[in-house]
Amino acid sequence: MTAGTAPPSVQPASSPQSLPSVPSWPLWLARELVGLFGSMRLTVVLLGCLFVLTFIGTVGQVQRGIYEVQKEIFEGWWFWWGWLPVPGAFPVMALLFVNLVVGGLLRMRWQLRNSGILIVHLGISLLLLAGFVKLHFSVSGNLALFEGRANSLFVSFHEWELVLLQQDGDTVRERTLPAESFAAAASDGPVHIDTGSLPFQLVVQGWLENCRPLPKGPLVQAQTPVIDGVYVEVEPLRREREQNVAGCYIDVVDQTTGQLRSAILWGAERRPFDDRRFPFTFTAGGQRYGLDLRRVVWDLPFNVRLDKFQKQDHPGTTNPRDYSSWVTVREPTGDRQVHIFMNAPLRKDGYVIYQANWGPQDGSGPPMYSVFEVARNPSDVWPKFACYVIAFGLIVHFGRKLYRYIHGEQERRARTEAIA
Amino acid sequence: MHLIARSLLLGTGVLSVGGCAHKAPQFGAERTMPAAQRPLAWNAADKERLLLPDMRAPRRDGEAAFTAELPGGWEPLPPDPGNFKDLYWRVGGQADAECYLTGHPVGALQPNLTRWYGQFGQVVSSTAQIASLPTATLLGSEARVIEIEGTFTPRDGRPRPGFKMLLLAVVAGDAIQATLKCTGPKAIVDAQREAFMALARSIRTGAPAAAPAGDPPPGAGAMTDPGAMHAAPIESPFTAKVANDWQPVAGSSKFLHHRFGTAGEIYVGQLGGDLRPMLDIWRGEMGQGQLDDNGFKTLARTPMLGAEAMVMDLRGDFTSMGGTKIAGARMLVAAARVDGATVFVKCFGPAAEVEQQLGAFAAFCASMERRP
Amino acid sequence: MKPTRVLTALALCLLAAACSRPVPKMEPKSRERVEPWNTELVASISQLPLQHNGRVMPFGTLAAFTLYLVHGRRDLQFAWADKAEEKIVLSPTEWLLDVWFHPDQAADYGLFRIENRELLDAIGLERDGPQRLDFDYISYRQLLAHAGRLQQVAKVAGSKDMLERSQIERQELELMGKLRAYHALHQFLEPLHASFTVTGTDFQRLYGGAKEVLFAELLAQGKALAELARTAPATGNDPASGNVGQVGDMLAAMAEEPGSDVPAMFPPVGDRATDKWLTLAELTGSALQGQLAPQHLVMLRSLQAAVAAADAGAQSTALQQFRRAVVTVAELRGENAGVVLESKYYAWSLHYRSLHLGFLPAFMLVVLGWLLPRRQWIWRLAFWFTAAGLALLVGDVVLRCVVRSRPPITGLYDTFLFIASVGVLAALLIELMNRRRIALSVAPILGALLVMLGRAFEVYDGKDTMAPLQAVLDSNYWLATHVVVINSGYAAGMLGALLGSTWLLLHAFGLRRGDVDFHKGIVRMTYGATCFGLTFAVVGTILGGVWANDSWGRFWGWDTKENGALLICLSQIALLHARMSGLVRDFGYCLWAGFTGMVVAFSWFHVNLLQVGLHAYGFSDHTAFGVFSYYAAQTLVLLIGVVGHLLQVSRPVSAAPAARDAPQVADLAPAK
C-alpha cells in the first residue's frame with residue numbers, strides 16, 4: 001500500500017462473502033458445491049471410509065462367503081453394521097469419482113509441474129469408470145462341454161430367471177423374467193406377475209434359495225406345500241453361492257376356464273450331461289406353454305465345439321500342472337481352431353472365453369468335460385490401459401520429486417562441505 | 001460446521017437415489033430362436049422334471065427286480081431300492097397305511113426284531129419265539145408271520161396310536177433274507193390281511209438285483225490293531241460296516257481284510273498308479289481278457305467314499321498271483337478315485353458264498369469312510 | 001553409552017547364546033550305527049535325485065523339509081546316555097539315512113515336536129516329569145503306540161468346520177499329518193530289511209538253491225516266480241513249489257500299495273516321454289510281469305546291498321553304486337543337472353551367509369558408529385558390509401530363479417528374501433542419495449530381521465519351498481510382473497514404516513531435539529519410501545487385476561488378497577493427500593507410515609490366515625504368532641510415539657538450535 005491513498009472501504013464484519021456486485025445464488029451454490037466436492041480433505045475422508053469398508057468386507061468374507069459380502073458391502077448403497085447404518089462402497093466410490101474429477105482434474109492447474117498428477121488422476125478415473133461399467137453392463141457365466149459337443153450359450157452362476165416358452169416345430173419363443181424382481185417379495189407373500197395379454201395369470205407363491213424337491217412318503221412330514229405327492233425340502237444356504245439351487249411354487253390360472261394349476265419349479269441343471277430343459281407344461285387359450293426356472297442364459301453370437309480336452313498333473317500327484325482345451329469356433333469365413341488354456345482366453349465379438357475348470361472331479365471320467373467361463377464386459381481392456389497411464393503418471397510425478405530431492409541433498413552436502 | 005451439515009444433506013440425497021419404486025414384475029420382450037438352441041423336453045412327468053430320487057438311478061441297467069399282482073384298492077408307489085423299498089404300495093387308498101417289499105437280506109434277526117418291536121414300544125425277549133410263529137410263503141421261501149400292535153413311532157414321524165404292523169420275514173439261520181411289511185391303522189391292516197397274503201404269494205423275482213445297502217447290523221466297523229511297526233501300516237485309514245459273519249484276518253497288510261465262508265475274502269487297498277492296469281490284472285486272475293475302452297466306460301457304478309466307484313463283477317476260476325485257486329469263483333471289485341489315489345474293495349470267493357455277501361459287500365462299500 | 005557397557009552387554013549375549021538347551025538322551029540299547037556317517041558319502045547322497053510331490057529333487061531337500069515338518073529344527077540333536085557329554089548333531093541327510101538304513105535306531109530319536117502338553121494328554125501319552133521346556137520331543141516308537149488314539153481324536157477334529165476347531169484340535173490334526181508323512185518314509189524300504197524264507201525245491205532252484213532270499217533277488221526272478229506260482233498246486237505244501245504261493249501273494253499285495261506319499265527313487269528307463277519316476281511298489285509290479293529293466297535291477301540290488309551291508313564300508317560302497325546307477329539314468333533324461341545345482345544352492349545357503357557376513361556385522365558397526373560418529377571408516381565399513389549382505393542375498397534369489405527356471409517369487413517363503421533384498425537396496429540407495437546414515441542404520445536391521453523371519457518360516461512351514469506351481473500360477477510373465485511389483489511395494493511399505501518408527505522413537509525420547517534438519521531429513525526419507533511404495537503398490541495391484549481378468553474373467557473380485565493390496569494403496573494415497581492438504585504434519589505422517597506397516601503385514605500374511613478366497617494358504621499357528629507379534633510391536637512403537645509427542649509438545653522448545661548444528665556439520669562430511 002503506498003502512502004496517500006485512501007484506505008479501502010470497510011466491509012461489514014458479519015459478511016463472510018466477497019462476491020461480485022451481482023450476487024446470484026446459482027453461482028454461489030455452484031461454487032460451494034465445487035468447493036465441497038473438490039476438497040482434498042473430502043478425498044482423505046472418502047479414502048478412509050473405503051479403507052474401513054474394505055477391511056470389514058475382508059474379515060466378513062470368512063463367515064459369510066464372498067458373494068453375500070460383495071453384494072451387500074461392496075455393491076450395495078448402504079447396510080447395517082450392528083446398529084449403525086453405513087454407506088456401501090458403491091456410493092463412496094461414486095463420490096470419490098466426482099471428487100477426483102472436480103478436485104483432481106477440473107480444479108487443478110494444468111501446468112507442467114502437475115502433469116504427473118493429472119495423468120495419474122485421469123488413469124484412476126478411467127479405472128473407476130471401468131469398474132462401474134463392469135458392474136452394470138457386464139455378464140458372466142459358464143459353459144461346460146464334453147468332447148465332441150458344441151454349444152452357443154452360457155449360463156449364469158448366481159442369477160435365476162423365470163422363462164415362458166412356446167415351441168412351434170423348429171422354433172422356440174421365450175420370454176424371460178429375472179428372479180430378483182420377485183424373489184424377495186415372494187418369500188413374504190404371493191407375487192402377481194403381470195402377464196399382459198396372455199390368457200392366463202401367474203402367481204409366485206414361494207421362493208426358496210436352496211432346495212430340493214422330494215416325493216412325500218406317507219410317513220414323512222413336509223414343511224412346504226405338497227403338490228401331486230411332491231414337496232420341496234429347504235436346504236441351508238451354501239457359502240459358495242453357485243452351489244445353491246433355487247426353486248419356487250407357482251400358480252397358473254387359466255383366464256378363460258378359471259382353472260388353477262399349481263406347480264413346483266426347480267432350477268437344477270443337467271448340463272453338460274444333458275442339455276435339455278424340462279419346463280412345466282400347461283395349456284391355456286388353446287396353446288401349449290412351458291414355464292421353467294433356470295439360471296440366466298445368454299446366447300453367444302457364435303458356436304463353440306470342444307474338440308479335445310487335456311489335463312496334465314504333476315507327476316505322481318493330482319495337482320494339475322496344466323489343463324487346456326482345443327475348440328473350434330464357427331465363423332462365416334470357415335471354422336477356426338483355437339487353443340484355450342490358463343491365462344490365455346479366447347476373445348471374440350466382445351466375449352471372452354476362459355479355461356476355468358473341468359469335470360467330473362469325482363473320478364468317474366473319462367469322458368471328461370471342460371468348463372469355460374464366459375464373460376462380456378465392455379470395459380474389458382480399460383484397466384490394462386489405465387494401468388499404463390497410472391504407471392506413467394506416477395513415474396513422471398515422483399521421478400521429478402526424486403530428481404529434485406537428489407539435487408537438494410547434493411546442494412546441502414556441498415554447503416556443509418563449504419562450511420567445514 | 002455448515003460444511004458438515006451440507007455434506008450430510010448431500011449424502012442423504014445421494015443415498016436416496018438408490019431406492020427404486022415397486023411395480024408388478026413382467027416378462028421381457030419375446031425372443032425367437034431355433035429349437036436346437038433351446039432343447040426342451042415337453043410334457044415331462046414330475047418325476048423326471050424334478051429329478052425325484054428314484055429316477056436318478058445312474059447308469060445301472062434298469063432290470064425290474066420284482067413283479068407282483070396289485071391288490072384291489074391299493075396304489076403302487078415309486079420303488080426306492082436304496083431305501084429298502086423294492087416294491088411299494090399305499091394300502092387300501094389310505095394315506096397312512098403302506099406296504100413294501102425288501103427283497104434282499106436285511107441283516108441279522110435279533111437287531112431287526114428289536115427294532116420292529118421297539119417301534120411299537122415293546123421288547124422282544126428272545127429270537128427263539130420266532131420259531132413258534134405261523135408261516136406263509138414269500139418269494140418261494142417259508143416266511144414267518146409277525147404281527148405287532150400298539151402305538152407306532154416311526155423313525156421320523158410322530159407317534160400314532162392304534163397302529164399295526166403285519167410282516168412276513170424270510171428267516172434263514174440267523175439272518176433275514178427278505179421282508180414284506182405292511183404298516184397302518186389296525187382296522188385297515190386287519191381288513192387287508194387277505195389281500196396282503198395274496199400279494200405275498202404273487203411276488204416273483206426278475207434277475208437278482210444289484211444289492212443295495214442292507215440294514216446295517218449293529219457294531220461298528222472293524223479296526224485293525226496298530227500293529228507291528230515293520231509289518232502293517234499304522235492302522236487302516238478306512239472304516240466300514242463289516243458283516244457279522246466276517247472274520248478279520250490278523251496281521252494282514254491289507255486294510256479291513258476279512259474272511260467269510262470257507263474261502264471267501266474281502267479287503268480294501270489303495271493304488272497310487274492307474275486303475276486300468278490293475279483291473280486287467282484282476283481280470284487275469286479270473287481267467288478273463290483285458291477290458292477294452294467300451295467295456296471300461298460301461299462298468300456299473302456305485303457310490304463309495306463320496307465318489308462314484310466303478311464296479312466289476314466277474315465269474316470264473318480264480319487263480320491268484322500267489323497261486324491260490326478257487327474253481328467256480330466270483331469276484332467283485334469296486335474302485336473309486338478319491339483324494340488323489342484309487343481306493344478299491346476286492347471281494348472274491350466261491351460263487352455261492354460271494355452271492356450271499358452281495359448285500360454285505362454293498363453295505364461295506366456304501367458305508368466306507370476315510371479317517372481324517 | 002560407554003564402551004564398557006556395550007562390551008558387557010555383548011558378553012552377556014554371548015553367554016546366553018552359549019547356554020543351549022539340554023539335548024535328549026538316548027538309551028544305548030537303541031544304538032545300531034556305531035560310527036558317524038562318512039562325510040563324503042553324506043555329501044554325495046545329498047545330491048541323489050529322486051521324485052517327490054511332483055518334482056525331481058535332491059535327497060537332501062526331501063530330508064530337510066521332512067525334518068523341518070516333524071521336528072521343527074534344522075538338525076536332530078541327541079546324546080547317548082553312556083556318553084552324555086558327546087552331543088551328536090545329525091544333519092537332515094544323515095537323519096534320513098538313519099531312517100532308511102537303521103530304522104530301529106531312528107525310531108527312538110526324539111523326533112515329533114510337541115508344543116502343548118495337553119496334546120500328550122489327548123493321545124494318552126504319559127508326561128515325562130514336570131514341564132521343563134516350552135516343547136517336547138517324542139519318538140516315533142512312542143507315538144506309534146498311541147497312534148490309534150491319535151487317529152480317533154484327529155477324526156473328531158477333522159469333522160468340524162475349519163473355523164470351529166480349537167487350538168488343540170488343530171494341533172492334533174497337524175500331528176496326525178506329521179506322523180503320516182514320517183511313517184511313509186519310515187516304511188518305505190521295509191521290504192529290503194526282511195529276508196524271505198523260500199521252500200520248495202523248484203522255488204529254491206530259482207535262487208541257486210538258497211533257502212533265504214533277499215527282496216531284490218526275489219524281484220530279480222519275478223517273472224519266473226509268478227509263473228511258478230500260477231502253475232503250482234493250491235495246497236502250498238508241495239515239495240517242489242513250496243511257499244511260492246504265499247510269497248507271490250505278498251508281492252502282489254505290495255504292487256497294490258499306494259504310491260502318493262512315498263518318494264519315487266527309480267527314474268523311468270527307456271520311455272523318455274513319461275515324466276513319472278517309479279516307486280518300489282511299482283517296480284515290484286513290473287518285476288512280477290517280467291518287465292524289470294536291467295538298470296532298475298542294478299539299482300535295486302545295490303540298494304539291497306546297502307541295507308544288508310555288514311559294515312559301514314560295504315554300505316558306503318553299495319550306496320555309491322546305487323547313486324551312480326540312478327544318476328546315470330537321470331543324466332540321460334537331463335534331470336540331474338538341476339538336482340546338483342539345487343543341492344549346491346542349499347549347501348551354500350547364501351542367504352544365511354548374508355546374515356553372518358553382511359547384515360549382522362553391519363548392524364554392530366552401525367551401533368559402534370553412533371557411539372563414535374566421527375570415525376568415517378566405521379560408516380564406510382558398515383556400508384560395505386551391508387552391500388555384501390545384499391549381494392549375497394541377491395545371489396541367493398538369483399540362484400533360486402536359475403534352479404527353478406522361474407521368476408523370483410512363487411511362494412510365501414520367496415517373498416521374505418525378495419522383500420529383504422528390495423528393502424535393503426532401497427535403503428542403500430537412499431543412503432547414497434543423502435548420506436545421512438539413517439537409511440544405512442536401518443538397512444541391516446531390515447535385512448537381518450526379514451532373513452531371520454524367512455528362515456524361521458521355512459522351518460515352521462515344513463513344506464518344500466520350490467514346489468511345482470498350480471496351473472493358474474503357471475505364467476512366467478505375470479509372476480515376473482505383478483508379483484515382483486507388488487512385493488516391491490510391500491518392501492517399500494515396510495521400509496517406510498521402519499523409517500517412520502525411527503522418527504517417532506527419536507522424537508519421543510527427545511534425541512537430537514534441536515536438529516531440525518536431521519528430523520526433517522528422516523521425514524523426507526519416509527515420504528520418499530511412501531512414494532516409492534505407492535507407485536509399486538498401485539501398479540502392482542492393477543496388474544494383479546489384469547492378470548485375474550485374463551485368468552478368470554473378472555478384474556476385481558473383492559478377494560481377501562486383492563483387498564489387502566487395496567488397503568495398502570488406500571492407506572498410502574490417503575496419507576499423501578492428507579499431507580498435501582495439511583491434515584497431517586511430521587508427527588502425523590510418521591505415525592501413519594508406521595500404521596501402514598501393519599496394513600502391509602495384514603496384506604502380506606494375515607489374509608492368508610483367513611482361510612478363504614483364492615489365495616488361502618491354510619492356517620498356521622506360527623505364522624499367526626509372528627503376525628500378531630509384529631502388530632503388537634508396531635503398536636507399541638506408535639503408542640510410544642504418541643505419548644512422547646504429547647510430552648515433547650508440552651515442553652518448551654530448546655534454545656539455540658543453530659549451536660547444536662555445528663558439531664554435526666563436521667560429522668556430515670561426505671564419507672567418500
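Reader: How many of the 372 residues of chain B, in percent, count as buried?

Author: In chain B, 47% of the 372 residues count as buried. Buried means under 20% relative accessible area, exposed means over 50%, and partly exposed is what lies in between (1.4 Å probe, protein chains only). The model is predicted, so local features need pLDDT of at least 70 and side-chain atom pairs count only at pLDDT 80 or more, while totals for chains, interfaces and linings use all residues. Residues are numbered from 1 along each chain as its sequence is written, chains are lettered from A and ligands numbered from 1 in the order in which they are written, and side-chain values use heavy atoms, with hydrogens and water left out.

Reader: Why is B:Arg283 called buried?

Author: B:Arg283 has a relative accessible area of 13%. That value is below the cut-off, so B:Arg283 counts as buried. The residue is found in helix H6 (residues 275–285) of chain B, where helices (H or I, at least four residues) and strands (E, at least two) are DSSP runs numbered from the N terminus. Not counting residues up to four places away in sequence, B:Arg283 touches B:Gln288, B:Gly289, B:Gln290, B:Leu291, B:Met312 and B:Leu314; contact means heavy atoms within 4.5 Å.

Reader: What makes A:Val69 a buried residue?

Author: The relative accessible area of A:Val69 is 0%, and so A:Val69 is buried. A:Val69 lies in helix H3 (residues 66–74) of chain A. Leaving out residues up to four places away in sequence, A:Val69 touches A:Gly57, A:Gly60, A:Gln61, A:Arg64 and A:Phe74.

Reader: Why is C:Asn336 called buried?

Author: C:Asn336 has a relative accessible area of 6%, so the rule counts C:Asn336 as buried. This residue is in helix H18 (residues 336–348) of chain C. Beyond its neighbours within four places in sequence, C:Asn336 is in contact with C:Pro49, C:Val327, C:Ala330 and C:Glu331.

Reader: Which residues touch the most other members of the largest nonpolar core?

Author: They are C:Leu495, C:Val538, C:Ile542 and C:Trp604, in a core of 124 residues. Helix H24 (residues 516–552) of chain C gives the largest share of this core, 15 residues. The name nonpolar core is given to a set of buried Ala, Val, Leu, Ile, Met, Phe, Trp, Tyr and Cys residues joined through side-chain atoms within 4.5 Å. In soluble globular proteins, nonpolar side chains tend to be buried together.

Reader: What is C:Leu495 in contact with, leaving aside its neighbours within four places in sequence?

Author: C:Leu495 is in contact with C:Gly423, C:Ala426, C:Ala427, C:Ile430, C:Val442, C:Leu446 and C:Ala529.

Reader: What makes the pair B:Asp190 and B:Lys164 a salt bridge?

Author: A salt bridge is a side-chain nitrogen of Lys or Arg within 4 Å of a carboxyl oxygen of Asp or Glu. For B:Asp190 and B:Lys164 the N to O distance is 2.8 Å, so the pair meets the rule. B:Asp190 is in helix H4 (residues 186–191) and B:Lys164 in strand E9 (residues 160–172) of chain B, so the pair ties together parts that are 26 residues apart in sequence. B:Asp190 is partly exposed, at 33% relative accessibility, whereas B:Lys164 is buried, at 4%.

Reader: How do you know that the pair C:Asp275 and A:Arg321 joins two chains?

Author: C:Asp275 lies in the loop between helix H14 (244–255) and helix H15 (280–288) of chain C, and A:Arg321 in strand E14 (residues 320–331) of chain A, so the pair joins two chains. Their side chains meet in a salt bridge of 3.0 Å, N to O. C:Asp275, at 29% relative accessible area, is partly exposed, and A:Arg321 is partly exposed at 26%.

Reader: How many salt bridges are there between chain B and chain A?

Author: The count is 5. A:Arg173 and B:Glu30 form a salt bridge with their side chains, at 3.3 Å from N to O.

Reader: What is the area buried between chain B and chain A?

Author: About 5400 Å², of which carbon and sulfur atoms give 59%. Buried area is the accessible area (1.4 Å probe) that two parts lose on being put together, summed over both. The contact takes 51 residues from chain B and 67 residues from chain A.
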